[in-house]
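Me: Hey, can you walk me through this one? I'd like to go piece by piece and ask as I go.

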Amino acid sequence: MTIKIILAGLGVRGRHWAEVIRRSARAEVVAYADPNPAALDLAAARFGERPRFATAEEAIAAMPEANALLLANPPYGRESQIRAAVARNMPLLIEKPLALNIPEAAHLVRLAEQGSVPMMVGLNFRYLDTTLRTMELLREGGVGTALFARFTYERYRDGHRPDLNKYPLTMDQPMLWEQSIHHFDLMRYVYGQDPVLIEALTWNPPYSMYKSDANVAALITFSGGLVANYQGLWQSAWAEPNFEWRTDCTKGVIIQKDQFGALHYAQHADKSLTPVTLPPHETWITETSRLLEAFLDAVLNGTPMPCNGRDHLMSLAMVEACAISSRERRAVTIAEVLAQAK
Ligand SMILES: NC(=O)c1ccc[n+]([C@@H]2O[C@H](COP(=O)([O-])OP(=O)(O)OC[C@H]3O[C@@H](n4cnc5c(N)ncnc54)[C@H](O)[C@@H]3O)[C@@H](O)[C@H]2O)c1
């Protein structure tokens with residue numbers, strides 16, 4: 001059986017999705033939805049003509065054969081799209097962040113749950129080989145158990161670049177909601193621990209092109225006692241990007257030096273790092289294809305949905321805790337933030 005997907009939002013990410021779905025043997029795009037005619041034209045030219053609609057709701061009404069909805073639109077005003085899909089019992093694949101505040105995200109999760117419709121959030125970084133191999137290294141035990149971490153992502157993100165989305169330029173806390181959400185989710189996933197307490201500061205350097213804070217520093221305590229020291233910059237002072245995710249464990253370290261590769265480990269007394277061999281990777285496509293196949297597995301087999309909406313609330317709570325902590329200059333518990341989800 002082929003899953004027939006309405007693809008809503010045909011910007012940068014929607015086009016990744018169109019390519020990924022084109023390569024899948026079990027899925028196809030049956031309609032495009034986007035209010036911008038230029039985005040529809042570009043998708044049709046690159047990926048083939050399909051029925052076109054200005055909104056996902058119109059596409060759902062007009063396409064009875066469609067049986068899944070993929071939202072790759074900005075994370076605003078997704079309720080009516082989700083309602084329309086739930087009314088038709090269509091599984092949902094939705095780009096991160098699900099929404100830009102906890103009460104709204106929790107409401108959207110409940111809508112899907114009440115309709116018994118599976119909802120996956122697009123956390124493709126979980127499916128990178130770097131992530132999967134790091135988890136294997138931790139399971140194999142050579143470096144022991146993870147104790148503490150330093151996660152550094154430093155980038156000068158030129159938000160005016162034609163190939164990047166524009167809404168982060170004016171949104172509140174763009175680094176946290178758009179980028180750190182991936183990093184926080186990765187830490188939860190790889191360490192298998194839930195966040196408990198966050199102390200954070202966000203700021204905007206004087207040269208920033210973003211209206212709200214583009215830089216974040218956070219100390220995160222997890223349920224198993226692991227402490228992560230996080231720095232995420234969208235407005236670094238240097239145009240050259242820098243990435244390093246280092247996990248100190250009971251018997252050694254794991255160090256990833258590139259967002260999509262360069263994974264290493266060392267045992268306590270080793271003089272140098274040992275590189276981990278990783279298979280070839282097509283950026284944004286390889287890991288997103290794995291995410292899609294995981295979605296299709298769950299839909300077709302009726303098995304639990306990975307990266308589901310309810311799980312995503314915990315990563316969103318980390319984002320919100322950072323924003324509150326910075327604003328109020330205090331440590332914030334995740335329990336306090338999740339109380340907003342009730
Ligand atoms: N998982 C990832 O690695 C990744 C990477 C990039 C973006 N994203 C996410 O994907 C989403 C879209 O980001 P983007 O970079 O493609 O943005 P974008 O601005 O490039 O594209 C968004 C598209 O959605 C369209 N749109 C706006 N409102 C719509 C609506 N109501 N219905 C249908 N289409 C609508 C816009 O016209 C535009 O064509 C965001 O949630 C973003 O965080 C995820």
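Me: How far is an oxygen atom of the ligand from an N or O atom in the side chain of Tyr167?
Reply: That distance is 3.4 Å. Keep in mind that this is a predicted model. Overall, the ligand would expose 860 Å² if taken alone, and the protein buries 83% of that.

Me: OK, and what about a nitrogen atom of the ligand and the side chain of Asn124?
Reply: There, a ligand nitrogen is 2.7 Å from an N or O atom of the Asn124 side chain. Gly9 takes part through its backbone: one of its polar backbone atoms is 3.5 Å from a nitrogen atom of the ligand.

Me: Which residues come nearest to the ligand?
Reply: Arg13, Asp34, Asn124, Asn165 and Glu178 do, out of 27 residues around it.

Me: How do the residues of that shell divide into nonpolar, polar and charged?
Reply: You get 12 nonpolar, 9 polar and 6 charged residues. As for helices, α1 (12-23) and α7 (174-191) each give at least two residues to the shell.

Me: Switching topic. How many disulfides does a search of the whole structure find?
Reply: The count is 0. A disulfide, by the way, is a covalent bond between the sulfur atoms of two cysteines.

Me: Is Cys307 buried or exposed? And Cys322?
Reply: Cys307 counts as buried because its relative accessibility is 3%, under the 20% cut-off. Cys322 is at 0%, so that one counts as buried too.

Me: Now the sheet. How many strands are in it, and in what order?
Reply: It's an open sheet of 9 strands, running β14-β13-β12-β11-β7-β10-β9-β8-β15, with mixed pairing. At the edges sit β14 (274-275) and β15 (332-333), each pairing on one side only.

Me: In which sense do β13 and β14 pair?
Reply: Antiparallel, over 2 bridges, with β13 covering residues 261-267. Across that pairing, Tyr265 stands opposite Thr274 in β14.

Me: What's up with the peptide bond from Lys96 to Pro97?
Reply: That bond is cis, with omega near -20°. Pro97 itself lies in the loop between β5 (92-94) and α5 (102-114).

Me: And what is phi for Asn89?
Reply: Phi of Asn89 is near 60°, a positive value in a residue other than glycine. You'll find Asn89 in the loop between α4 (79-87) and β5. With 53% relative accessibility, Asn89 counts as exposed.

Me: Last one: what about phi of Gln173, and is Gln173 buried or exposed?
Reply: Phi of Gln173 is positive as well, near 50°. Gln173 counts as buried because its relative accessibility is 9%. Look for Gln173 in the loop between β7 (146-154) and α7.

How values were computed:
Residues numbered from 1 in each chain as written. Predicted model: local features only at pLDDT ≥ 70, side-chain atom pairs only at ≥ 80, totals over all residues. Heavy atoms only, no water. Near = heavy atom within 4 Å. Polar contact = N/O pair within 3.5 Å; in protein donor to acceptor, adjacent residues only side chain to side chain. Areas by Shrake-Rupley, 256 points an atom, 1.4 Å probe, with all protein chains shown as cover. Helix = DSSP H or I, 4+ residues; strand = E, 2+ residues; numbered from the N terminus. Nonpolar A, V, L, I, M, F, W, Y, C, P; charged D, E, K, R; others polar. Disulfide = S-S within 2.5 Å. Buried < 20%, exposed > 50% of the residue type's maximum accessible area, 1.4 Å probe, protein only. Pairing = 2+ DSSP bridges.
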